[in-house]
Amino acid sequence: MRPRDGITLMEVLIAVIMITVAVGGLLGSSASVARQMGGGGSQMVAASLAQARLDSLTSLSCAQLAAGAASGNTTQRGVRESWTVTDGRNIKTIDVRVRVPRRVNELRYQMVIPCRD
């Protein structure tokens, strides 16, 4: 008898298993990348909100900071932010805390400004 040309059933099964494992790995890594991209976007929103809050507070004089803007909180775009202004010797410390949805730890931004008035 002469040998037959072609592939066996075992070779086809092994090829299908190898392709399935490769595709599964690609799907798993793409889901991980998508999750990380979403987290980066929400952190960017949090950082921009905190920067806007710091900018608005640093535009006030030290007397105005002591009078009315010492603390507060707000929620924008699903991101909760709170801030406190601490009085020091010739300085004010602004502490902004931001809580992003689906993130365990809150993000904290801090700025120290000198008081000259």
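Accessible areas here come from the Shrake-Rupley method with a 1.4 Å probe, and for residues only the protein chains shown count as cover. By that method the accessible surface of the chain is about 8600 Å², with 60% of that belonging to carbon and sulfur atoms.

A word on the source. This is a predicted model, where local features need pLDDT of at least 70 and side-chain atom pairs count only at pLDDT 80 or more, while totals for chains, interfaces and linings use all residues. Residues are numbered from 1 along each chain as its sequence is written, and side-chain values use heavy atoms, with hydrogens and water left out.

Now the layout. The chain has 2 helices and 4 strands, counted as DSSP runs numbered from the N terminus (helices H or I, at least four residues; strands E, at least two). Their order along the sequence is α-α-β-β-β-β. The C-alpha trace spans about 105 × 25 × 20 Å along its principal axes.

How much of the chain is buried? The share is 21% of the 117 residues, where buried means under 20% relative accessible area (1.4 Å probe, protein chains only).

Last, the core. A nonpolar core is a set of buried Ala, Val, Leu, Ile, Met, Phe, Trp, Tyr and Cys residues joined through side-chain atoms within 4.5 Å. The largest one has 16 residues, and A46, L57, V79, I94, V96 and V98 touch the most other members. At least two residues each come from α1 (9-58), β2 (79-87), β3 (91-99) and β4 (107-114). The largest share, 6 residues, is from α1.

Definitions and conventions. Buried < 20%, exposed > 50% of the residue type's maximum accessible area, 1.4 Å probe, protein only.
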